[in-house]
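Colleague: I'd like to learn how to read a model like this one. Can you walk me through a few features?

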Amino acid sequence: IYNYDMKELIKLVIKAGEIALSEQANMQVQKKDDGSIVTNGDLKVSLFLEHELKKLYPDFEIFSEENSKQIPKGNKIIVIDPIDGTQSYARRQNTW
């Protein structure tokens, strides 16, 4: 991605953070099949980033920890962990 417009990518990351903060006010926590948790913030940020990154980088496969069912097979892949530190995010700590 380093050859692409980093200003646009930075805008997406800032907007994703704003979405995460907004969703944290109305926290909903669910358990995933593996026993880990996922929040409404994880899911909303993931969908936002998947959609926007696909527009910005159409030749890349987008793989999200929260929504992707299959491992990507190409050589141009963007991996998304929408909220790194979901446990602290769910506890409303500022270490995510």
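This is a predicted model: local features need pLDDT of at least 70, side-chain atom pairs count only at pLDDT 80 or more; totals for chains, interfaces and linings use all residues.

Colleague: Which residues are closest to the centre of the largest pocket?

Modeller: V13, A16, L49, D81 and P82 are, out of 17 residues that line the largest pocket.

Colleague: And which elements give two or more residues to that lining?

Modeller: Those are α1 (6–24), α2 (40–56) and β4. The largest share comes from α1, with six residues.

Colleague: How does the lining of the largest pocket split by class?

Modeller: There are 14 nonpolar residues, one polar and two charged.

Colleague: Let's turn to β4. Which way do the side chains point along that strand?

Modeller: They alternate along residues 77–80.

Colleague: How many bridges join β3 to β4?

Modeller: Four, and the two strands run parallel; β3 covers residues 61–64. As one case, I62 has I78 as its bridge partner in β4.

Colleague: Now the charges. How many salt bridges turn up in the whole structure?

Modeller: The search finds six. The idea is that a side-chain nitrogen of Lys or Arg must lie within 4 Å of a carboxyl oxygen of Asp or Glu. K32 and E65 meet that cut-off, with their closest N and O atoms 3.7 Å apart. This pair links distant parts of the chain, 33 residues apart: K32 is in the loop between β1 (29–31) and β2 (37–39), and E65 is in the loop between β3 and β4.

Colleague: Which other residue is linked with K32 and E65 in a network of salt bridges?

Modeller: E66 is. Its side chain meets that of K32 at 3.2 Å, N to O. Here too the pair links distant parts of the chain, with E66 in the loop between β3 and β4, 34 residues from K32.

Colleague: Is E66 buried or exposed?

Modeller: Buried means under 20% relative accessible area, so E66 counts as buried at 13%. K32 is partly exposed at 22%, and E65 is partly exposed at 40%.

Colleague: What about K76 and D59?

Modeller: Their side chains meet in a salt bridge, 3.0 Å from N to O. K76 is in the loop between β3 and β4, and D59 is in the loop between α2 and β3, 17 residues apart. K76 is partly exposed at 35% relative accessibility, and D59 is partly exposed at 40%.

Definitions and conventions:
Residues are numbered from 1 along each chain as its sequence is written. Side-chain values use heavy atoms; hydrogens and water are left out. Buried means under 20% relative accessible area, exposed over 50%, partly exposed in between (1.4 Å probe, protein chains only). Two strands pair if DSSP finds at least two bridges between them. On a 1 Å grid over the protein atoms alone, a cavity is a set of points where a 1.4 Å probe fits but cannot get out, and a pocket is an open set with protein on both sides within 12 Å along at least five of seven lines; lining residues have an atom within 4 Å of a point. Ala, Val, Leu, Ile, Met, Phe, Trp, Tyr, Cys and Pro count as nonpolar, Asp, Glu, Lys and Arg as charged, and the others, Gly among them, as polar.
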